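Keep the structure open while reading.

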Amino acid sequence: MSDDTSEQLKKFTFSSKYTYQGQIQEETLEVIIPELLQASYSFYTWPSAPVLAWFLWEHRKELSGLKILEIGSGTALPGIVAAKCGAKVTLSDSATLPKSLAHTKRCCQLNNLNVNQDIRVIGFTWGLFLNNLALIGPLDLILGSDCFYEPSVFEDILATISYLFESNPAAKFLCTYQERSSDWSIEHLLSKWNLKCQLHNINNLGQSAGVNIHDLIGDHSIHLLEISR
Ligand SMILES: C[S@@+](CC[C@H](N)C(=O)[O-])C[C@H]1O[C@@H](n2cnc3c(N)ncnc32)[C@H](O)[C@@H]1O
């Protein structure tokens, strides 16, 4: 980690066109994310995040009132989009990273989301089942963007998700996975933790707004997974 933590603001625009009474209408959401490019990985928006955020935007009519937890939020683009679409969102990042959690709060504030009123931000470390789990409350959906970034964390994440599913059996874990090595896989862990996984097609995301999702993710290979019990 370097000391150069100059902030840059990145704007993400989500839109979609539809026809109402014969007229073409457009709905738009702008999210501003502050990034500290020279800092650690939780201060930067990874290519997986706009993919998950676009999926949520395109399903925004189903989000209103849902209780959502985002894990490993970092700059929290997906969680912020969900909150802007009417979901009750709790963002989280490792409890051992207070600066990351402070940055997550700043991301909320820059998007006019009042922390503790419109959205919550909590320390929640994968694999550590502390009493802050009670804070989270019931859940409909868990989000995770680029949390499977290296194999040493894979099992902690899936054990945590499996644990959360025990009290929320109908919940789903919607996550984006960036393929960094063809040797890495979560398949054996899904079976060990009794989890099912479904792959969503991401190729058409953004199409109604004239956005090509592959322009946002570049050469990266990103998958959108829905994990459930
Ligand atoms: C690759 S970054 C992804 C950040 C963000 N979700 C995105 O896609 O832009 C991984 C995130 O996981 C968080 N993280 C790493 N280890 C963690 C742990 N043991 N418990 C909770 N969060 C953790 C990091 O702080 C970081 O925010």
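The model is predicted: local features need pLDDT of at least 70, side-chain atom pairs count only at pLDDT 80 or more, and totals for chains, interfaces and linings use all residues. Residues are numbered from 1 along each chain as its sequence is written.

Two terms come first. A residue is buried if 20 or more other C-beta atoms lie within 10 Å of its own, exposed if 12 or fewer, and partly exposed in between, with C-beta atoms placed from the backbone. A nonpolar core is a set of buried Ala, Val, Leu, Ile, Met, Phe, Trp, Tyr and Cys residues joined through C-beta atoms within 7 Å. The largest such core has 52 residues. Leu52, Ala53, Ile80, Val81, Ala82 and Ile142 touch the most other members. Helix H1 (residues 48-58) gives the most to this core, with 8 residues. Helices (H or I, at least four residues) and strands (E, at least two) are DSSP runs, numbered from the N terminus.

H1 is largely enclosed by the rest of the structure, because 10 of its 11 residues are buried. Among them are Pro50, Trp54, Phe55 and Trp57. Two residues are in contact if their C-beta atoms, placed from the backbone, lie within 7 Å. Not counting residues up to four places away in sequence, Ala82 touches Leu56, Leu63, Ile68, Ala87, Val89 and Leu143.

## The seven-stranded sheet

What is the strand order in the open sheet of 7 strands? The order is E5-E4-E3-E6-E7-E9-E8, with mixed pairing. The edge strands, E5 (119-123) and E8 (196-200), each pair on one side only. Two strands pair if DSSP finds at least two bridges between them. The twist averages 25° from one strand to the next. Axes are lines fitted to C-alpha atoms, for helices over the stretch in contact, and angles run from 0 to 180 degrees between N-to-C directions.

Strands E7 (residues 172-178) and E9 (residues 222-228) run antiparallel and are joined by 6 bridges. Cys175 stands opposite Leu225 in E9.

Strand E1 (residues 7-20) lies largely in the open, because the number buried among its 14 residues is 1. It runs antiparallel to E2, and 14 bridges join the two. Lys17 faces Glu26 in E2 as its opposite residue.

E1 and E2 form a hairpin with 2 residues between them. Gln21, in the turn, has a positive phi of about 50°. Gln21 is exposed, with 5 other C-beta atoms within 10 Å. Its C-alpha is 38 Å from that of Gly144, 123 residues away in sequence.

## Loop residues

Most residues other than glycine have a negative phi. Asn116 has a positive phi of about 85° although it is not a glycine. Asn116 lies in the loop between helix H3 (98-110) and E5. It counts as exposed, with 9 C-beta neighbours inside 10 Å. Asp146 also has a positive phi, near 50°. Its place is in the loop between strand E6 (141-145) and helix H5 (154-167). Is Asp146 buried or exposed? Asp146 is buried, because 22 other C-beta atoms lie within 10 Å.

Gln38 sits in the loop between strand E2 (23-36) and H1. With 13 C-beta neighbours inside 10 Å, Gln38 is partly exposed. The C-alpha atoms of Gln38 and Gln117 are separated by 31 Å, at 79 residues apart along the chain.

Leu139 belongs to the loop between helix H4 (133-136) and E6. Leu139 is buried, with 20 other C-beta atoms within 10 Å. Leaving aside neighbours within four places in sequence, its contacts are Lys67, Leu69, Leu164, Asn168 and Ala171. Leu139 and Ala170 are 31 residues apart in sequence and 8.7 Å apart in space, C-alpha to C-alpha.
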